[in-house]
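Open the model in your viewer and keep the selection panel at hand. This tour goes stop by stop, saying what to select and what is there.

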Amino acid sequence: DDVGVSEEDCKNGLRAYVNNHGQNLSYSNVKGYNAINETAYVNAIKNNQPVLLFCDKMDMYTFSNNSTFDLVIKTEFNGAHIALGFGLYTLTYYNGNNNFRTDKYLRVATGISGMEDCYLKLESTDWCDSAYAVSVY
């Protein structure tokens with residue numbers, strides 16, 4: 001590798017680390033044909049399985065909530081990176097009693113200074129090359 005860690009290196013390195021600590025692990029694909037499989041992702045999180053996200057770019061989001069509006073801040077990161085998904089955040093918008101829009105975001109850890117804990121938009125997963133739930137046993 002010329003820069004960083006490849007998907008194979010990451011998965012093999014994590015497996016070696018876990019094995020060296022007396023445990024095993026398995027990976028389960030949570031990416032469909034062209035997007036994250038929301039059901040598989042949510043099931044992994046509910047089962048305390050973090051999700052490795054191998055990205056070729058990331059549009060990272062943070063939120064500030066107010067009683068009358070939500071401030072959604074988008075920061076672009078161009079370049080390959082690995083993030084770790086550990087939650088789901090849903091923003092539901094209403095006009096009176098009518099839900100007119102729902103946005104879903106993966107809660108992720110990036111290791112990027114200032115954006116260590118942020119969100120990636122589920123509906124726009126062109127950034128994701130592959131995604132795996134990690135089960136340690």
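Buried means under 20% relative accessible area, exposed means over 50%, and partly exposed is in between (1.4 Å probe, protein chains only). A salt bridge is a side-chain nitrogen of Lys or Arg within 4 Å of a carboxyl oxygen of Asp or Glu. For charge, Lys and Arg count as positive and Asp and Glu as negative, while His and the chain ends are not counted.

This is a predicted model: local features need pLDDT of at least 70, side-chain atom pairs count only at pLDDT 80 or more, and totals for chains, interfaces and linings use all residues. Residues are numbered from 1 along each chain as its sequence is written, and side-chain values use heavy atoms, with hydrogens and water left out.

**Stop 1: the whole chain**

Select the protein chain and colour by secondary structure. It has two helices and six strands. Helices (H or I, at least four residues) and strands (E, at least two) are DSSP runs, numbered from the N terminus. Read from the N terminus, the order is α-β-α-β-β-β-β-β. Along the principal axes, the C-alpha atoms fill a box of roughly 55 × 30 × 30 Å.

Of the 137 residues, 34% count as buried. The chain exposes about 8,200 Å², and carbon and sulfur atoms supply 46% of that area. Accessible areas come from the Shrake-Rupley method with a 1.4 Å probe; for residues, only the protein chains shown count as cover.

Now turn to contacts, meaning heavy atoms within 4.5 Å. Among contacts with a separation of 6 or more, 58% join residues 24 or more positions apart.

Colour by charge next. There are 10 positive and 16 negative side chains, and the centres of the two sets lie 8 Å apart. The place of a charge is taken as NZ of Lys, CZ of Arg, CG of Asp or CD of Glu.

**Stop 2: K31**

Select K31, in the loop between β1 (25-29) and α2.

**Stop 3: N48**

Move on to the loop between α2 (38-46) and β2, and pick N48. Check the backbone here. N48 has a positive phi of about 60° although it is not a glycine. Most residues other than glycine have a negative phi. N48 counts as exposed because its relative accessible area is 70%.

**Stop 4: the salt bridges**

The structure holds five salt bridges. Side chains of opposite charge can pair when their charged atoms come close.

Select D59, K74 and E76, which are linked in a network of salt bridges. K74 meets D59 at 3.8 Å, N to O. That pair links distant parts of the chain: K74 is in strand β3 and D59 in strand β2, 15 residues apart. K74 also meets E76, at 3.9 Å, N to O. K74 is partly exposed at 44% relative accessibility, whereas E76 is exposed at 53%.

Then select R107 and D117, whose side chains form a salt bridge at 2.7 Å, N to O. R107 lies in strand β4 and D117 in strand β5, so the pair ties together parts that are 10 residues apart in sequence. Both ends are partly exposed: R107 has a relative accessible area of 30% and D117 has 38%.

**Stop 5: M115 and K121**

Stay with this part of the chain and select M115, in the loop between β4 (98-109) and β5. Is M115 buried or exposed? At 11% relative accessibility, M115 counts as buried. Leaving aside neighbours within four places in sequence, M115 contacts M60, T62, T75 and T110.

K121 is in strand β5 (residues 117-121). Not counting residues up to four places away in sequence, K121 touches Y61, D103, K104, Y105 and W127.

**Stop 6: a nonpolar surface patch**

Finish with F69, L71 and I73 in surface view. They form a nonpolar patch on the surface, with about 270 Å² of accessible area together. Patches are made of residues with over 30% relative accessible area and no salt bridge: like charges are joined within 9 Å, nonpolar side chains (Val, Leu, Ile, Met, Phe, Trp, Tyr) within 5 Å. F69 sits in the loop between β2 (51-65) and β3 (70-95). At 45% relative accessibility, F69 is partly exposed.
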